[in-house]
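User: I would like a close look at a single part of this model, with the cut-offs behind each term spelled out.

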Amino acid sequence: MAKSPETEHPVPAIGYASRDESGVLSPFKFSRRATGEKDVRFKVLYCGICHSDLHMAKNEWGFTTYPVVPGHEIVGEVTEVGSKVTKFKVGDKVGVGCMVGSCRSCDNCSNDLENYCPSQILTYSSKYYDGTLTYGGYSDTMVSDEHFVVRWPENLPLDSGAPLLCAGITTYSPLVYFGLNKPGMNIGVVGLGGLGDVAVKMAKAFGTKVTVISTSLKKKQEAIDKLGVDAFLVSSDEEQMKGAMSTLDGIIDTVSAEHPIMPLISLLKSHGKLIMVGAPNKPLELSVFPLLVGRKLIAGSGIGGMKETQDMLDFAAEKGITADVELIPIDYVNTAMERLLKSDVKYRFVIDVAKSLKA
Ligand SMILES: [Zn+2]
Ligand SMILES: [Zn+2]
């Protein structure tokens, strides 16, 4: 007989789990493995709420294994390290993002691109090497192989920095890889939510001029006053969009809902790049002709490798980049999910796990 989540491992843990497609999260007792030779165990302090958590809690992408304890923007303090751990010691502040394992030997893994490993193990609702289910950061304790743990920079806030582990690397990686990080470039960011907020800050920190493209005027003043964006386009305003044709070197599209992309392509200069980092669950409409005229490129990008995630955190610390967050207790998580669904948050919820989750 298969062991229950509560007894399959030796270390007791408590978290919040969704048990079915309702996505409703409630207290859940489970267990974590003993600290292996290369493992780092840590007390979870803060965990961001990513839109993926919501999709996964409700099985909207079709690959959730229940019960699911979401959370992949996890920051904590090391409580125990295995005998062969070299990078961390007890008391260190650390982070775990979207993955906790990979094959470590394929081409991608050999090139610090564990995020593109076909055997990548996600932080939650994924099968670990030992065949047991992985559980995320809406929980009191975490354990991870040190390779998938990042060092937390000293001057980076733990709470508002947590979202960088997903939102930060998701936007930093394509800006760097596609060369959209040169000072003076014109970069567009589509959608000003959890990802968009950080995308703007990353792009600004690289010295580019940033244009936000949004469906409504609602966030314009704030984007200009607080985020310092250089221009703001309302995508439904044809005149505005026309006026901005062929002005952008690149666009980071963070929108996960179905939306038209042809108007975005027309905003690009020749050789401009449209990079998709959101994940709409229906196909988007693409007419090829506008790509040929101007040799434009559309690409996707998914989080980043472990080395790059560390680089990104160090860059964020140096440039003072954090997410705008609303700190919540864990028993508020279902309300937070409802509000997230309505985009009623500026711009990321972060759970104060250590203060609000009691065994
Ligand atoms: Zn995420
Ligand atoms: Zn691999």
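At what angle do helix H4 and H5 pack, and how far apart are their axes?

Analyst: This is a predicted model, in which local features need pLDDT of at least 70 and side-chain atom pairs count only at pLDDT 80 or more, while totals for chains, interfaces and linings use all residues. Residues are numbered from 1 along each chain as its sequence is written, and chains are lettered from A and ligands numbered from 1 in the order in which they are written.

Helix H4 (residues 167-177) and H5 pack at an angle of about 45 degrees, with their axes 8 Å apart; helices are DSSP runs of H or I with at least four residues, and strands are E runs of at least two, numbered from the N terminus. Axes are lines fitted to C-alpha atoms, for helices over the stretch in contact, and angles run from 0 to 180 degrees between N-to-C directions. That angle makes H4 oblique to H5, since under 35 degrees counts as roughly parallel, over 145 as roughly antiparallel, 65 to 115 as roughly perpendicular and the rest as oblique.

On the H4 side, Ala-167, Gly-168, Thr-170, Thr-171, Tyr-172 and Leu-175 meet Gly-194, Leu-195, Val-198, Ala-199, Met-202 and Ala-203 in H5, where contact requires C-beta atoms, placed from the backbone, within 7 Å. By class, the contact of H4 with H5 has eight nonpolar, four polar and no charged residues; Ala, Val, Leu, Ile, Met, Phe, Trp, Tyr, Cys and Pro count as nonpolar, Asp, Glu, Lys and Arg as charged, and the others, Gly among them, as polar.

Strand E14 (residues 268-276) and E15 pair in the parallel sense over four bridges, pairing being at least two DSSP bridges between two strands. Helix H5 (residues 194-205) packs on the sheet, touching strands E10 (186-190), E11 (209-214) and E13 (248-253), and its direction makes about 170 degrees with that of E10.

Note on methods:
Two residues are in contact if their C-beta atoms, placed from the backbone, lie within 7 Å.
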